[in-house]
Structure formats: structure tokens, C-alpha cells
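Have the model open beside you as you read.

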Amino acid sequence: MSRVLIIGSGISGLTCAIECASRGNHVILVSPFPSERSQSVLAAGGINAVMNPDGEDSIKQHIEDTLKGGCYIAGEKAVTGLCTSAPEIVSWLESLGTVFSRDNDGKIATRAFGGQSFPRTHFSGTATGKQIVTALVMEARRLEGFGFIERRFWTDFYSGLIRDGVCYGAMLYSEATRNVEAVTADAVVIATGGQNALFGKTTGSTQCDGYVAGKLFMQGAELKNLEFIQYHPTTIVTEQKKMLVSEAARGEGGRLFYEEDGKRVYFMEDKFGPKGNLMPRDIVSRCIHETGRQVYLDVSFLGKDKIRKRIPEIYDLCLKYKGLDITKTPVPVVPSVHFFMGGFAVDLHHRTNIKNLYAIGECASMYHGANRLGGNSLLAAIYSGKTAACDLCGRKTDAPDFSSEVKTENEKLEQKRKSESRFPVMYVRGLLADTVNSSLGIVREKGELENGISSVDYYLSIADKINYDRSELEYFNYSLEGILTLAKAVLISASARQESRGAHIRSDFDDQSEEYRAATVISYDGGAFRTRLTGEDDYEG
Ligand SMILES: Cc1cc2nc3c(=O)[nH]c(=O)nc-3n(C[C@H](O)[C@H](O)[C@H](O)COP(=O)(O)OP(=O)(O)OC[C@H]3O[C@@H](n4cnc5c(N)ncnc54)[C@H](O)[C@@H]3O)c2cc1C
């Protein structure tokens, strides 16, 4: 029996916990909030799988669409594993109680998503994430009842317990005791989602702040493809966040247009034909950006019944946040940061370059290459959780004593509590968001990236002076340096890729280049950032 520490309790963390526990291992599942508050519950449109390979669609086509959508830098072996397992994964979710929408003939329903040759996205209205999380939480609680899973909420990751390239567990920070403790394990799995908080407002959750990736990067873990940041083409901006108008709206037939001289211009259809509105997200966002105008999404012609039945949450969202009835009126949309193709560099088993340390879900970079297809990330979150569990079960490691390190960190925190800060930590996070938004927009350019790197260098240089802000949770204070370091790694990766591919568009390098048909790996060596290129399937953890 192995003792497994999983950091993050969204869909990938829950799946890994269930798989490990079902095999008789002991799992400690850690997150600051319960799974029901994870970003996974926001997932709207659905999960991809070819459930009926004898029909027009095939698993081979799902693989080809995924590789093409990712601009041919995702690994073929990895993507083949993902797409081949998809039907089994959807059946597994159903067996746990996920309720998928069904057609009139009772078959599991499908809808079209961007970049697909055939409709293969399965959904629960536009609340697929909620349905999946609910089913996984019920299963995790059952296994918790049997003593295989221990869930710890209100607990944050602090740092890895790493010696000589081996991970023995993690230091965790409890918001209740305001103390750091060492939790040792035979394997540690990171499942902490994307890097949304770097950008301030996105479609996702600010719980996903990239701190764990940044901190472990500083402790020796390599990261990959950080420059590929997906802008979702259709979001509405509110005071608090960017709200996603799911691709389901276009999957059901929704059309994008702008107005010129009082007439509608259906620019995506003009450029790409009838399937234009459902081009992959990188292409749609770039086209919207190039119009330089306010773009609208129209679904009104679908009729009230279809809208209320197939995309009810989108109807509610637009009414609630924009006061717009989409059965009658088009909704103004803008592209916003939505998903991170980059993250921990992992091999086909989801091992990182640090022994016994795994990464899964959105925080791991795999499967999506330069651009993710809608419906593939829920699939990847589940597939990666299962893959890591298969590999790590049975591991045994004797952990050295970390008590003196823990004592030092608790003393450091105590020391910082006494110091006054000249700069509130959230003010610096705001400055960081302004910096990354202006340097890492839909279209990037050398000068802006260099300015971004200089600004982050400055924030890092004053990080000591902004160590403690009493008005915020202590987590926000201690996480700042890791978050800033991650931001610098993203900017350096974007600077290093001198081509335009997928979600990384450079105005100074307009074309794709054969030289860069590979993944960017970045490592941190005593403060120096080093990048190199590698084939995704060839990465060795
Ligand atoms: C609005 C929206 C709609 C989407 N719709 C779809 C869709 O229809 N189909 C699809 O395939 N994909 C969709 N996605 C993407 C998909 O939902 C995510 O990629 C996926 O759910 C990520 O799951 P995860 O388990 O990797 O991470 P998350 O669900 O983000 O979970 C991360 C976990 O890590 C924890 N955590 C974070 N930091 C720390 C820390 N410091 N210490 C401890 N724990 C920490 C969090 O609390 C959380 O429990 C959507 C995304 C968004 C934002």
C-alpha cells in the first residue's frame, strides 16, 4: 500500500484519489476549498469521446483533430492514449452517476465543438463540470467512509519536501493553525489547475494562481509550453470576472458578426465557410482581434425552446449579468484568457523530472499542444488522473527527517508577521496582472515581452519588502515570490518561441517555423532560467 498526497481536489485530483483508493492505497487529498468550489465545476460545454466508433466518426479522427487543433506539437502517443480511453471514461462517469443529456431516442447526446470533424462532445446541459464533480465527490466520500481517502480542506501547499531530486511529500500550511507541517508520502500528485490569477480577471477561478507550479519550479521541477495561453473567443465582461459564453452556443448554431454601415458581417463564415464559427479557439480569437471591432454572438434564430433546452445556463448568464434576452438579442462578446496549455513538464505516465512527483489535469502540459480543443480538457483531467494512479501505486519511499526545515519555515513566517509592508500584496498582484495582460495578449511582440520581464524582475527585487500584508490571508503573502517567478518563466518562454503557432501569435514572427515544431521546456537553475525544445512524447521525467 502506498501513501499518496494529492494537492488539488478538482476533477483531476478527485479522479486520481478515487483510482488510488480503489486499489487499496491511502490518499490524502488537500485543497484550500472543497471540490464543489474548484474551477472544475465551471466546466460548461462537455467532454469529448467517440462513443460509437462504427458510425461516421472514429477514434482515429478524434486523434487527428486533436493533433491538428494543437498545431502538431502535442505528442502522438499521448494523444492516442487520451482519445482511445475517452469512451471508457464517459462510461465510467455514467457508472458513478454523472447524468448526461440524452437524445429523444435515449442515446447519450452529442454537440459540435470547435475544431471537430464530427459532433463528439457529451454534456449535461451547460453544467457538465458540476455533474461530474458531484459524481466524483460522492465516490470519494464513499471511499473516505472506508478509510482510504482523507480529505483536508482549508489547507494550502507551501513547498515540496525535496532532497537530491526526490520528492518525499510536501509542507502544507493550515489556515486554521497558521502553521506549516510536513506531510510525507510515497508519491505526491500536483492537481492544482491553471494559472488564472496571474491575469487577474479570467473565465476561471482565482484559486488557480500558479503558485504551486512556480514554487516547485524554483525547487527544480521543469515546466513546459507556458507561452500557449488560450483566449476563449466568447466571454462577457462583468465587474468581478470574465464570464464564459460556452462554445456550446456556437456548437448549437450560434453565429458571430460585427456591424458595418448598418449591416451584419459574418466574418468567420466569410473567411472559413459554413463551419467558420466553429474553428478552433486560437483562430476565432485571432480573427475577432483582427476585426478591431465589437463582435456579437447571435443565437436568437435557434428559437426559445431550443435555447432553453440545450443552453439554459447561457440564457440565464446573459440575462443575469448583461440584462440581455438571447432568445431575442445578440450578445456582445470579447476574447479572454481561459485555459493554459502549459504547465509541469511530464512524461507519458505523468511523472515530472523530480522522482515521485507527478502532475495531472490543467497544471500539467500534455495533449493540447499549441491550442486545446473544447471538450478535451475534462477528458485530459480524468485520463491523466487515472494514468498517474496506475503508475504510482505500489511505490514505497523512506522519507528523511524534515523537522528542522519545518521549524525554520514556521520561524520565518513568525518573523514576517512582525514586519510591516510598504506595499500591499494585492496591489503588487494587480500590477502583475496589468503587466502580463499587456505583454501576453492575443498578439505578442519582442519589445512588450522584454518590458514584461523587466517589470517582473522589479517586482521580484522588492518581493522582500512586500512580504506581509495583514489585511490578506497569509497564503497571499508567502505565495507572491512563486507567482512572480512563474510569471517570469511564462514571459521568457513566450520570448523564446520566435514563431506564430496556435495560441502564441507574434507580430514580429508571423509564420510557423519547422525549427519550433516542438515543446518549450523551461528550468530554473539557481536563479537562471533556461529554455530548450523537445518532442512532447520524448520528454523524460
Ligand atoms: C468557465 C470554464 C468552462 C470550461 N468548460 C469546459 C468544458 O466544457 N469542457 C472541457 O473539457 N473543459 C472545460 N473547461 C476547462 C476545465 O474545466 C479544466 O481544465 C479542468 O476542470 C481542470 O481540472 P483540474 O482538476 O486540473 O483543476 P481545477 O478544477 O482547477 O482544480 C484545482 C484544485 O487545486 C486547488 N489548489 C489551487 N492552488 C492550490 C494550493 N496552493 N494549495 C492547495 N490546493 C490548491 C484548488 O483549490 C482546486 O481544488 C472550462 C474551464 C472554465 C474556466
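1. Start with Arg506, which counts as buried because its relative accessibility is 1%, under the 20% cut-off. In this predicted model, Arg506 forms a salt bridge with Asp508, with 2.9 Å between the closest N and O atoms. Asp508 itself is partly exposed, at 30% relative accessible area. Elsewhere, shared partners link Arg111, Glu252, Lys306 and Arg310 into one network of salt bridges.

2. Next, have a look at helix α12 (residues 403-418), where Arg417 and Glu414 sit 3 residues apart, about one helical turn. Their side chains meet in a salt bridge of 2.7 Å, N to O. Arg417 is buried at 12% relative accessible area, whereas Glu414 is partly exposed at 39%.

3. Arg152 and Glu181 also form a salt bridge, their closest N and O atoms being 2.9 Å apart. Arg152 belongs to strand β5 (residues 149-152) and Glu181 to strand β8 (residues 179-184), so this pair ties together parts 29 residues apart in sequence. The total count of salt bridges is 39.

4. Now for the ligand, which 37 residues surround; Ser40, Gly45, Gln207, Glu362 and Ser377 are the closest. A polar side-chain atom of Ser40 is 2.5 Å from a ligand oxygen atom, and a backbone N or O atom of Gly45 is 2.7 Å from an oxygen atom of the ligand. The protein buries 98% of the 1,000 Å² that the ligand exposes when taken alone.

5. Which element gives the most to the shell around the ligand? That is α11, with 3 residues. By class, the shell holds 14 nonpolar, 20 polar and 3 charged residues.

How values were computed: Residues numbered from 1 in each chain as written. Predicted model: local features only at pLDDT ≥ 70, side-chain atom pairs only at ≥ 80, totals over all residues. Heavy atoms only, no water. Near = heavy atom within 4 Å. Polar contact = N/O pair within 3.5 Å; in protein donor to acceptor, adjacent residues only side chain to side chain. Areas by Shrake-Rupley, 256 points an atom, 1.4 Å probe, with all protein chains shown as cover. Helix = DSSP H or I, 4+ residues; strand = E, 2+ residues; numbered from the N terminus. Nonpolar A, V, L, I, M, F, W, Y, C, P; charged D, E, K, R; others polar. Salt bridge = Lys/Arg side-chain N within 4 Å of Asp/Glu carboxyl O. Buried < 20%, exposed > 50% of the residue type's maximum accessible area, 1.4 Å probe, protein only.
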